[in-house]
Each structure stands twice: as structure tokens, then as C-alpha cells.
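Here are some exercises to work through with the model open beside you. Try each task before reading its solution.

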Amino acid sequence: MKCALIGLGMVSQTYGDAIAKCETVDLSLVYARSPDAREAFLSDWPQLNARAASNVDEIAASDVDFVILTTPPNARSEIVETLAAAGKPILMEKPVERTLEAATALVERCEAAGVPLGIMLQHRARPVVADLRAVIGDLGPLRMAEVNVPWWRPQAYYDEPGRGTYARDGGGVMISQAIHTMDLMLSLTGPVTEVSAMSATTGFHDMESEDFVCAGLRFANCAVGQLFATTASFPGRGETVTLHFAEGSAHLEAGQLKIDRRDGTSEVLGQAATSGAGADPMAFTSDWHRFVIEDFAQSLTDKRAPLVPGRDALEVHRLIAALEKAGRTGTTVSLKDI
């Protein structure tokens, strides 16, 4: 299949590497508002044999099979409307939008047009996640969940205009970094019903939104949990998801999974991997992106939902909105009220 790439910022290098490794997808067109950005990307990735488009309308009118959209969330609405009107399927970088309301409207716009929408929440594509899903049923009911995202970003990261603001990004550590781990958690645990939280901007960063959140979670299956997420934990460590079941515990850390059963047996699956936890936000493999891109292409052929449909991604947005409200008000927030 042929795809186009709109948005050539920092993450575009990961997409370039991922597409270069794809066996079923070729890059045909690229577009960014800056001509210099277009030329720089094409110069970096000559092996992709892509060319620059002059505007979004050119991509909408082209013969590409789908479009990968990686612009900041505040720059997506009109682009999505143009692509949806042209019937172009869209695979979009997280988050869907800056707020739950805006994200819902974007998803509904694609649904109304009958256009497939997938979201790049690539942590679900880790090989060991499939291993974890395969054994969850053997471990009994979920009792407790621990989620930790102890990341680090220097102040220079937030000095980029708009980064960490509500106007461009929609928030801070939750919507820009921890969203990956939170989405993965929800895909394993099922929905959260209520939350309490404390959020703050630490003295490590001069920014508008939060770089720290600590929260309590209650799940629909009666399990409880805790979430800790920050970009103020120098030098940054890999995120973890630990799930405690009646018959054992599963600890997922980057690319590695450890399962400890109550009968005394244990096993370790996968290999350690980096995920951009430290000062270099791009220090992670493109393999998970490649998997999601190829899955999206195959989903179009199979006429099935992609790995993370737009509608499914709204659940992590709802959780983030609830945590923001809980942190702001100091109250316990029910997700049914969000």
C-alpha cells in the first residue's frame, strides 16, 4: 500500500525508519508547512523514494491508500476534515486531540464519513504484551494495578514554543508521555470507574501544565490501583505496569515481562528495550511503530478495525480528563460524570 505522511517534526524520524522497514507499505508523499522541513526529511530518507506535496489538498486528491498524521494536536482538525471528505483512512499520532470533547468530535467526524481512524499508541504492539494477554486468564481475577512512568525531560524540551501548553498539546505528562502506558493499562485491566489525584508542576520545569501526577484508581472489576507519572525524575527510568491477580503477578517493564505465580513458578519473557524515558525523547525502537503501520494497512485490506481504533482511544482521554479534574478539585471523580 502507498501512504502519505503529514507532519515532519521530531517524531517523523521514527516514522521514516519504521516505514523503511515495512514490507507492505511504501511512502509516496510527505507534507509539512515548512518547505525546508519537507526537503530535510526527503534528504534524510532518500531510500523511501517519496516526494513532497505542496499542500494537504494534493494528498487528499492523490492515490495514496492512507495518510499518517503526526502534527501537534492543535493542528489536526482541518486536516482531518479534508482527508475524511476525500475518504482517506487516517493513522494518527497520539493524542487524538487536546481535550476529550475535541477528540470525540474528531472521532465522530471520521465515523460519519465512514473513514477508518487508527491511533498510534504503539505500546500495545510490544511482543510481550501478547504474551501477557495469553496468560491473564490463567492468573485469576485482577486485584490491584501499579503503573509507574518515572521519566525525565530537561527544561530545553519545554522551551520549544507551545510544548507543555494546553493550547497546543492539551496538557503535560499525562497527555504527552504517560498516555501510552495508561492506554496499555486500560487495554489489560478494563475500564476505570473513579479516580482521586494530586497533580503539580515541579520546580524542575517552567511550563504551563503538569509534570507530576500521583493518583488512586478504582476499576470496574473492583480492583484498585495507583498511577505515578512525571517528567521530573532524573535521569529517567523505564515505565512499568504491574498487575496483581489472585493467582500471581505480572510485571511489564519496557520490552520485558516477568510472571510470578502463587504456586512458586516464574518466567521471564522478552528483552529489555528503551522507550524514550530520559533526556532524548526519541531513544526508542521504531519496531512498534512499524507493527502498527503494517497492522493499519492490513486492517484496510481485511476490512476490520486497526489495533487501536479512534473510538477505543477515547477511553484513555476520558481517564486523563478525570485525573485532571481530580487533581484540580481535590475530589474523587467518577468517570461516568466525565
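**Exercise 1: the nonpolar cores**

Task: find which residues Leu-217 touches, not counting residues up to four places away in sequence.

Solution. Taking contact as heavy atoms within 4.5 Å, Leu-217 touches Met-185, Val-192, Glu-194, Val-195, Ala-223, Val-224, Gly-225, Gln-226, Leu-227, Leu-319 and Leu-323. A quick note before going on: this is a predicted model, where local features need pLDDT of at least 70 and side-chain atom pairs count only at pLDDT 80 or more, while totals for chains, interfaces and linings use all residues. Residues are numbered from 1 along each chain as its sequence is written, and side-chain values use heavy atoms, with hydrogens and water left out.

A nonpolar core is a set of buried Ala, Val, Leu, Ile, Met, Phe, Trp, Tyr and Cys residues joined through side-chain atoms within 4.5 Å; buried means under 20% relative accessible area, exposed over 50%, and partly exposed in between (1.4 Å probe, protein chains only). The largest core has 73 residues, and Ile-59, Val-195, Leu-217, Leu-319 and Leu-323 touch the most other members. Helix H8 (residues 173-189) gives this core its largest share, 10 residues. Helices (H or I, at least four residues) and strands (E, at least two) are DSSP runs, numbered from the N terminus. Finally, there's a second, separate core of 28 residues, which includes Val-25, Leu-42, Leu-91 and Met-120.

**Exercise 2: the aromatic pairs**

Task: work out how many aromatic pairs a search of the whole structure finds, then look at two of them.

Solution. Rings of Phe, Tyr and Trp (its six-membered ring) pair if their centres lie within 6.5 Å; planes under 30 degrees apart count as stacked, over 60 as edge-to-face and the rest as tilted. The search turns up five pairs. In one of them, the ring centres of Trp-152 and Phe-234 are 5.3 Å apart with planes at 85°, so this pair is edge-to-face. The two residues sit 82 residues apart, Trp-152 in the loop between strand S7 (142-150) and helix H7 (155-158), Phe-234 in the loop between strand S10 (224-230) and strand S11 (240-245). Trp-152 is buried at 13% relative accessibility, whereas Phe-234 is exposed at 62%.

Now try Tyr-157 and Tyr-158: they're also an edge-to-face pair, 4.9 Å centre to centre with 90° between the planes. Tyr-157 is buried at 14%, and Tyr-158 is buried at 7%.
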